Structures are given as C-alpha cells and as structure tokens.
Amino acid sequence: MTTPTIVLVGHGMVGQRFLEALADRGVTERARIVVLCEEPRPAYDRVQLTSYFSGKTPEDLSMVEAGFLEKHSIELYVGDPAESVDREARTVTARSGRVFAYDTLVLATGSYPFVPPVPGKDARGCFVYRTIEDLLAIEEYARTATTGAVVGGGLLGLEAAGALSGLGLDTHVVEFAPRLMPVQVDEGGGAALLRTIERMGLTVHTGTGTQEVVTTDGAVTGMKLSDGSELPTDMVVFSAGVRPRDQLARDCGLTVGERGGIAVDERCRTSDPAVFAIGECALASDGRVYGLVAPGYEMAQTAAATIADEEGGDGFTGADMSTKLKLLGVDVASFGDAHGAAEGCLDVVYADSRSGVYKKLVISGDGVLLGGVLVGDAEQYGLLRPLTGSVPPVSPEQLVLPAGAGAPVALGPSALPDDAVICSCHNVTKHAIGQCSSLPEVKKCTKAGTGCGSCVKTIEKLLPAAVDKGLCGCFSYTRSELYEIARTLRLTSFAALLDSHGREEARGGEGCEVCKPTVGSILASLAPVLGIDGYILDGEQAALQDTNDHFLANMQRNGSYSVVPRIPGGEITPEKLIVIGEVARDFGLYTKITGGQRIDLFGARVDQLPSIWTRLVDAGFESGHAYGKALRTIKSCVGQTWCRYGVQDSVRMAIQLELRYRGLRAPHKLKSAVSGCARECAEAQSKDFGIIATANGWNLYVGGNGGATPRHADLLAQDLSDAELVRLIDRFLMFYIRTADRLERTSTWLERLEGGLDHLKDVVVGDSLGLCDELEALMAAHVAGYQDEWARTLDDPERLRRFVSFVNAPGAPDPSVRFVPERDQIKPDLTILTLGRTNSTLEGATSR
Amino acid sequence: MTTTLELSPSPDSWLSVCEEARLTPGRGVAALLPDGRQAAVFRDRSGRTYAIDNRDPFTGAQVLSRGLVGSSDGRPFVASPLLKQRFDLETGRCLDDDGVTVAVYPVRLK
Ligand code: SRM
Ligand SMILES: Cc1cc2nc3c(=O)[nH]c(=O)nc-3n(C[C@H](O)[C@H](O)[C@H](O)COP(=O)(O)OP(=O)(O)OC[C@H]3O[C@@H](n4cnc5c(N)ncnc54)[C@H](O)[C@@H]3O)c2cc1C
Ligand code: SF4
Ligand code: FES
C-alpha cells in the first residue's frame, strides 16, 4: 500500500489548525503532508496582528510551535503559492514549478482585502491591512506622513485606525454606513463607540463614501468623499471588507458561491470529494462565509476528522458570529442575534453617554436570551454568550445594569450549565475547564484562552479561588488600592485605615512590618493633598517607618549606620568635598564612592548621627534619602559644557531634576540619569527614568532597571523641550506612585501594567484618562512642600531625643558597635557579632 | 504625675527604664542592663508594654529595639530590622524559625 498524500494550500490560522488536528488524530503518521504557503513565513496569529505595533515581533506572533513540523514530518514550502490545480490528474503546481500529486487536497486560502475600484487606489501611500508585510509597509511609509485615512469603519478598519493613530498620525475614518461597526453593533452601540473614539482624537466621517484617491506625482495627497468634500491625507488604508480567495477553485472548476466562496458541505467537502475547503475561503453549507477564526477552527476539525475517517460528530453547519474585541482600548462585544432579527423579540437597553457605555440584550417573548451588544464595558460578555439560548437565572435588567446600581447581580460563571461553551475560539466547555486547576494548565490542556483571549476572565473565575492579592495579613487590598482609598476618603492615619479597611481579624491590631511602611509611604506621598505634614517622624508616622527611615540613615550589619548626603547630579565643589573628608576623619567613618555618583560614610553610631548631620547641614548638604523608598540619585555625564560630543547641558538638567524630585516618596526607590548625547555615559537607559540629549532637546526613557533583573528602559517621548520634559516626568512619576504595588520598581510595574507602554503613553502623553492635570498638581504640591528632613530634625530637640543608643543611659555609646582596622580605614568587628551566635544559620534567613 | 516603666533583668530586681511617655506606640527603645546585656522595650497601640533581649540572634547585632512592631493573629511581634525575622513579644519565640528564642524580661509601670 502506498502512503497517501494530503496537500494543504494556505498556511494561515485555519491551515495550521488543520495540521494540528491531523496530528492529533495520528493522520500525520500514515500520510505524507505537503503545505504550500504563500507568505514569506509560516502561520502566525493574524487576530493579534496589530500587537506588532505594540512591540510584538513576527516571531512572537508565530502559531507554529517549535519542532511541530519536523516532529510530524510535514513538508512546508514557504513563499511558494499554489498556482493551479489539475483535478483530473490530481496534481497541484506551485509557483516554483514544483508539482505535487495529491490524494486529498485542502484549500485554506483565506481572504483578500476588498479595495473599492476608485481612481487612484493603487497610488503610492495606499495600503491594505492583512499581513505582517502590510504592517511593515505601513510603518515604513508612516515615518514621513502626518495624516492617515482609513476607508472602512468596521472591526478591522478601527483596528487599522488605532494603529495609524498610534504611529502618531492625525487619523480619519471614513465609513459608508451611517454608524461604526455596522455588522457587529446596532445604532446605539455605534453611537457610544463613536463618542469614545472621537474623544481619543480620531475624526470619524460616517455615511460618507470614498470617490477618489487624489494623487500628486503618483503619491497620495488626499481623498474625494461622496459628500463633495476633500480630505487631505498622506496615506490611505483600505479596510472595506474581505472577499474569499477562491480563484484557484474557480480555475479548476469547483463550485463557488454567487458572491464568492468555495461551496462546501457539512463535512467541508467541495463539489469534488477529493478536495476540501476550510476557513475564510469556504462558503459553508448554511450559505455563509465566516470571517472569524473560531468557525474556521471548527471547519479545520471537521475536515481533519473526515479525512481521518471519523464520521462521527456533527459536521460544520454554521457558527455564531459572536465577537469581543478591544478596539482602541474600548471593549466591544456582540453575540447571538445582536440586531434583534427574530420575530417578536424585545430589547433591554442600558446607555450612559458620559462614560460611553452601551449595553443591549435581545430577549424573546418567553424570556430566552437571544443575543446582545456591549460597548464600553464588555465584562459580562463571558457570562452572557454561554447563556444565549436559555432563560437567564436573573432578570435581564440586572444583567445590564452596572455593578453598584440597583440590586447586586449574584450571577457568576458558577451559574452556567456544565456544557456551556466558555471559549468559543476552541469550543471548550465549562466542564472541560473544571478539570484543570490553573490558567496555564487550562491553556495547555484545552487551548481555551489562547485564541482571542476574551474568555480568560471567565476562565479565571471558574478556577479554584484566585490567589489573595492583598498586601499582607492585615489588608486584602493592594498598595495602589490603599493609595486610592486614602486619597479619596482622606484617611490620614494608619490606624484609621487599618480599623476601617483592614481584614476583619487585623482591625484594632498593630499592623505588620509590611503594611506599616507601605502606608507610611503612601501618607508621605499624599501629604500635600491630604493637608498633613510630610515630615515622616512625627506622631503616628514615626511608628510606621522602617528602621532606616526612622533614623534617616541606613543600618549596617553591626547596627551602625551609613550617611549619604545628597550630591545633585554628582556635581560637587572642592569645599564640599573637603567638608565630607573632614567629617569622615573627625568621626572615624569608613568612606566610599557609591555606584550612584556620591559618597557614603559608614560606621556611625545612632547617637552620632545628629552631630554628623549638624556639620553636613551647616556646609549646605541635605539628606540623600539613601534610606528611603524615594528618589535616590540622578547621575549625569559631564555633557556639552566640557565634552566634545555633548549636545545639551546634562549636568544642569540632572541637578534641576534632582532638586525637583528630592524627597519624593514612592512604592520603591527611584533612580535617574541624564546623558549629554547618544553615547550615554550616564547609563540613563538603566534607570527608572532616564534622559538622553538630542540635537533638538531630550529623549525620555522609562522603566529601566539595573539590579537583579536588568531591564532596558523604553522610549516614552522624543525631542522634548526642558518644560515638556519636566511636565512629562511629573506625570509619569505620579502615575507610577499612584498605581504601583509595594516594592515594585518602575520596570516591573511597566511590565505588569495592562496595555504596557502604549497605555502609559496614552495616559501620560495623550491624557486618555483625563488625569494629567491632577498628576501635575500633585507634583507641584510635592515640590512646594519639600523640606530637608535632616535640617528639620536637627531644629527640634524633641525629635533629636530618639537618637540615643540607650534610653536609660543617653550619653553611653553602644559597646557592641566596635570596629577593627582595614586598608587604613575601619570595618565592623565581626567577632563581636558572632559571639554567642545561635546554631541557626544566617543563610536560612530571608529578607522580606 | 508621670508613670515610669521598669523591667526586671533578674528575679526580684527592678530597673527603671524611662517614662512611659517616652515610648512611641508601635516602636521600641533599647535599655542597657547592669551586667552589660541590652533589652528592647516596646509599647503597642493599646498601651501594653513588653521587653525582650535586644540582640538579634540571626546577625548578632544589638538591634531588635529598632524593628517594627506588628501583630499576627492578635499576638504582638517585632520584626528584626536586619533580616526581618519576627519575634513574639510575649514569649520571645521566633515566628519564622522554630527553635530560635530570645529572652523575655518582665515589665511593669510604676
Ligand atoms: C551604597 C551602594 C553601593 C556602593 O557602595 O556603591 C548601594 C548600597 C545598597 N544597595 Fe544598592 N547601592 C548602590 C547603588 C546601586 C546601584 C547602582 C546605581 O544606582 O547606579 C544599583 C543598580 C541600579 C538599580 O537600582 O536599578 C543598586 C541596586 C540595588 C538593589 C536591587 C534593586 C533592583 O531593582 O533589583 C537593592 C535591593 C533593593 O532595593 O530591594 C539595593 C539595596 C542596597 C542597600 C540599601 C541594601 C540594604 O538594604 O541595606 C545597600 C545599602 C546602602 C547603605 O547602607 O548606605 N541596591 N544599588 C550604592 C549607593 C548609590 C547611592 O549613591 O545611592
Ligand atoms: C487585523 C485583523 C484582526 C482580526 N481580528 C479578528 C478577531 O478579533 N477575531 C476573529 O475571529 N477574527 C479576526 N480576524 C480574522 C481572522 O484573522 C481570520 O478569520 C483568520 O485568519 C482566517 O484564517 P484562514 O486560515 O482562513 O485565513 P488566513 O489566515 O488569511 O490564511 C490564509 C493563508 O493562505 C495563503 N494563500 C492564499 N492563497 C494561496 C495559494 N494559492 N497558495 C498558497 N497559499 C495561499 C494566504 O497568503 C494566507 O497566508 C482578524 C483579521 C485581521 C486582518
Ligand atoms: S554621554 Fe555624550 S556628552 Fe555625555 S560624556 Fe558621554 S560622550 Fe560626552
Ligand atoms: S474565546 Fe477566544 S480564546 Fe477563548
């Protein structure tokens, strides 16, 4: 018996899924599999295409697991499309001239973007939006463009518009229908979507057609619209729908639909039983062409099962067109009979035009949920879609009202029946998800959540109790939630916060070593707006601070302290250097240059700190906050003033910024640097916020980190003036302080932030949340309220009383703090420390 | 009238440490004992006072008085400022490492 050959034409999303389905059924072991792939790369996730613009690489988007093709001996011909099929001879000829004989042929050729036949449509600057190559070309062209127009206000059009806007273009959307996304949403939903999208700065022209692309010297310069107006634009992206790629099938005489699509039966067979068609190129037996990936996957399964000779299963008779998307940050979902086409059906509508929320449910006369549209808040989608076709267990109005309004909805995914399909991309039921115990496990075993991702929230709710995200044993809130609580309820003390918002069992207690400093830091950050004194050592605040903050110095291994005066930008006069040298000599301190361009003096006893600081403050030094979760240093390179390459005065800027942000308390320490040119001698890209001079101003990088998990900073904005730079850093820092978790550096915060760098840009550059005024005001209050902590401490005898080694012997030094000489300086006498050491080892101790 | 806090470094002897008002709720101070040992003395939010040995058994440094006071399951503790192990203020037992204990001294207010 000879090995049969299966030839697959098209290696897109559905094609790859088909190969996986063959492999699952063991067909790859008994058949030769040949794949002709037109694009220059194997199958990738087209649904996530736009994420290329938010930093995903083509490799990230790949859908082919490493080793998959080799493991199943699949022959893949990349960049070699099928050009003709000879059904008599059962052969396929590829562009390269290769000829493959087949026993079974599977067409998965997808669709092509429809470009309306308007004059000028082929000019330079006209694009479509379907492949990675399209995006690369758009990105390249957009570099020299300032305005872009998208033809088509459907799902893909809005996605393309979002991408153009993200590339910095002034973006227009031209839609022929009277509303956006006419296929998915109804009029009310379209209106809500329109408002939100306009608020983001995009211009929308609905009810308008495109008549002509205006060109000059072969390049796009504008568009003529059907209302007679002309829209100047540098580029045009056509996104006016897709058409099935059925040419190959037509040419070899297979039956195609009147309006395109390769006609198939319930088993996905075409008019020739040896040929199958699946995915967007197929015209299903219900007379529809499905432009979504989930139905395509179902067809892939059906075709694979049929080829594997499994006649069981239902075959493919149609699918629902439910979708949930995040378009330009706006949730949009539609499911079931979204337009209320069924006879006698009723609507339940909730609309709030202030927040751009629109929700509609379509209910049959006898209470069955038929479908719906959700815009602006699609949280309920995961729940509603599986309920479609049944009478929901609570009244429909409860399902659309926002949380908090009216009666609380006691309905969660637990109310769903076991056979409810939770993940429609992969057709996974609630029951199947219940077999797993974690999200990664669900993804691995059932693939649920790995397609469009819209079901992930629901899946999480179905899994065993989520991990407690609370700050500690005392609070079930996170740091950023506590920040919001303190800010909005104006709670000014730890006790008030613990007793009102602590976990039941922790109220009235002491708090713990985790929440006390965290809340201490929150109160210090918010001090100017809460109207409390930002000095951290008075009243209750004193009890919250970590030891280092408590003594405004860093404790060392033998209980002595180190002293780090602030040296803004690393610039210091000889006089000040001499003072530091004299103080170190007079108090016998070990002296070292730090990694942060300043000087650390080690070995001070707690009772010596005030006298040391009296000398330093008198000489003009301030606290360097080496002890605090606060701004540390802003390093600088020597810059334009001296350096032959410098293009801006990096030292001046570093000093200006360090003086501005000194004393600012944050979830974790903050570090910065300013380099005078692209050579980057100050290592700004390893800092929480780093600044690099350009010929036109400054580039601002954020989220860099050295330390244990280094991260290169991301470029937030370019060519800023001095004032723009300061304003943007103000916003960035305050947004971080507001939303980060305890001990979360900006690097990990940025990694975790939903929407990542793009979202950050939206918020702090584009002011998408309308927060910027407030963030700037918070920073202005900080700057106005700054006072040097050490100077204030020295001014007040009451505050100085804590700086004693022993409360019952104020003059006595601590005899356990002793030193021995090393390299002409001192070091802690470790023999004292190890004396009488318990057998428990230091290694077992973890710092928390 | 001021209240004084006293602790007992050895049976039947009491040592005056400081005025009660010197103690910030939730923080500690160190006291030097006649034989050269050191005690860490604390007051919590509700006014109860405690004294344990000042020496952190994990590092050998005399620093427990400078740790943060907290409570866990209603029991007061101090977390060492160096490597953060917690010690029960009533029993001296280390909550993070069974078998490690620091001395506890009786205290009273006079
Ligand atoms: C003194 C210094 C080392 C030196 O002798 O050069 C130092 C000393 C300490 N570092 Fe550092 N770091 C020092 C520069 C750095 C640098 C380099 C820099 O800033 O350019 C880094 C990497 C850059 C970064 O932070 O991204 C650095 C990354 C760390 C980390 C790891 C942070 C991370 O995100 O992974 C810690 C641990 C932490 O904060 O949790 C740390 C923690 C510490 C602590 C606070 C450890 C502790 O808790 O006791 C040390 C106490 C300092 C003291 O007692 O005065 N230190 N540390 C440097 C002080 C700079 C200054 O002038 O303020
Ligand atoms: C930007 C964007 C966003 C989208 N978002 C969503 C979404 O959120 N949800 C959703 O369900 N769907 C979405 N879609 C649609 C989804 O991507 C498609 O439904 C899915 O890709 C269809 O898979 P397919 O394999 O049928 O076609 P494709 O993925 O298009 O693959 C067909 C492949 O066949 C190749 N081919 C064509 N002719 C030949 C030939 N003669 N020889 C060899 N190869 C050939 C093509 O080059 C292509 O690589 C989106 C699409 C785009 C472009
Ligand atoms: S970063 Fe540029 S300006 Fe600064 S010292 Fe280096 S080379 Fe000179
Ligand atoms: S519904 Fe798309 S991944 Fe689950």
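Predicted model: local features only at pLDDT ≥ 70, side-chain atom pairs only at ≥ 80, totals over all residues.
Helices (H or I, at least four residues) and strands (E, at least two) are DSSP runs, numbered from the N terminus. Residues are numbered from 1 along each chain as its sequence is written, and chains are lettered from A and ligands numbered from 1 in the order in which they are written. Local features need pLDDT of at least 70 and side-chain atom pairs pLDDT 80 or more, while totals for chains, interfaces and linings use all residues; side-chain values use heavy atoms, with hydrogens and water left out.

Is Leu753(A) buried or exposed? Its relative accessibility is 13%, which counts as buried. The classes are buried for under 20% relative accessible area, exposed for over 50%, and partly exposed in between, with a 1.4 Å probe and protein chains only. Leaving aside neighbours within four places in sequence, Leu753(A) is in contact (heavy atoms within 4.5 Å) with Phe735(A), His759(A) and Leu760(A). From Leu753(A) to Thr739(A) the C-alpha to C-alpha distance is 8.9 Å, at a sequence separation of 14 residues.

Chain A as a whole contains 29 helices and 38 strands. It has 848 residues, of which 54% count as buried. Of the contacts in chain A with a separation of 6 or more, 61% are between residues 24 or more positions apart.

The next topic is charge pairing. Side chains of opposite charge can pair when their charged atoms come close. Here a salt bridge is a side-chain nitrogen of Lys or Arg within 4 Å of a carboxyl oxygen of Asp or Glu. Over all chains, the whole structure has 49 salt bridges. One of them joins Arg738(A) and Glu484(A), with the closest N and O atoms 2.8 Å apart. Arg738(A) belongs to helix H23 (residues 722–739) and Glu484(A) to helix H15 (residues 479–489), both of chain A, so the pair ties together parts that are 254 residues apart in sequence. Arg738(A) is buried, at a relative accessible area of 8%, whereas Glu484(A) is partly exposed, at 24%.

Helix H15 of chain A also holds Arg487(A). The side chain of Arg487(A) forms a salt bridge with that of Glu774(A), at 2.7 Å from N to O. Glu774(A) is partly exposed, with a relative accessible area of 31%.

In chain B, Glu90(B) and Arg75(B) meet in a salt bridge of 3.2 Å, N to O. Glu90(B) lies in the loop between strand E8 (86–88) and strand E9 (104–105), and Arg75(B) in strand E7 (residues 75–79), 15 residues apart. Glu90(B) is partly exposed at 42% relative accessible area, and Arg75(B) is partly exposed at 36%. As for networks, salt bridges that share partners join Glu484(A), Arg487(A), Arg738(A) and Glu774(A) into one.

Between the chains, the contact takes 45 residues from chain A and 42 residues from chain B. The size of an interface is often given as the accessible area lost when the parts come together. The buried area here (accessible area lost, 1.4 Å probe, summed over both parts) is about 3,500 Å², with 52% from carbon and sulfur atoms. Two salt bridges are counted between chain A and chain B. Lys84(B) and Asp546(A) form a salt bridge through their side chains, at 3.9 Å from N to O. On the side of chain A that touches chain B, helix H16 (494–501), helix H17 (515–530), helix H18 (541–544) and helix H19 (547–551) each supply at least two residues. By class, that side has 18 nonpolar, 17 polar and ten charged residues. Ala, Val, Leu, Ile, Met, Phe, Trp, Tyr, Cys and Pro count as nonpolar, Asp, Glu, Lys and Arg as charged, and the others, Gly among them, as polar.

Turning to the ligands, 20 residues surround ligand 1 (a heavy atom within 4 Å), and Gln556(A), Gly595(A), Arg598(A), Lys669(A) and Gly706(A) are the closest. The shell around ligand 1 has one nonpolar, eleven polar and eight charged residues. The shell around ligand 3 divides into six nonpolar, three polar and two charged residues, including Cys637(A), Cys643(A), Cys677(A) and Cys681(A).

Methods
Buried area = accessible area lost by both parts, 1.4 Å probe.
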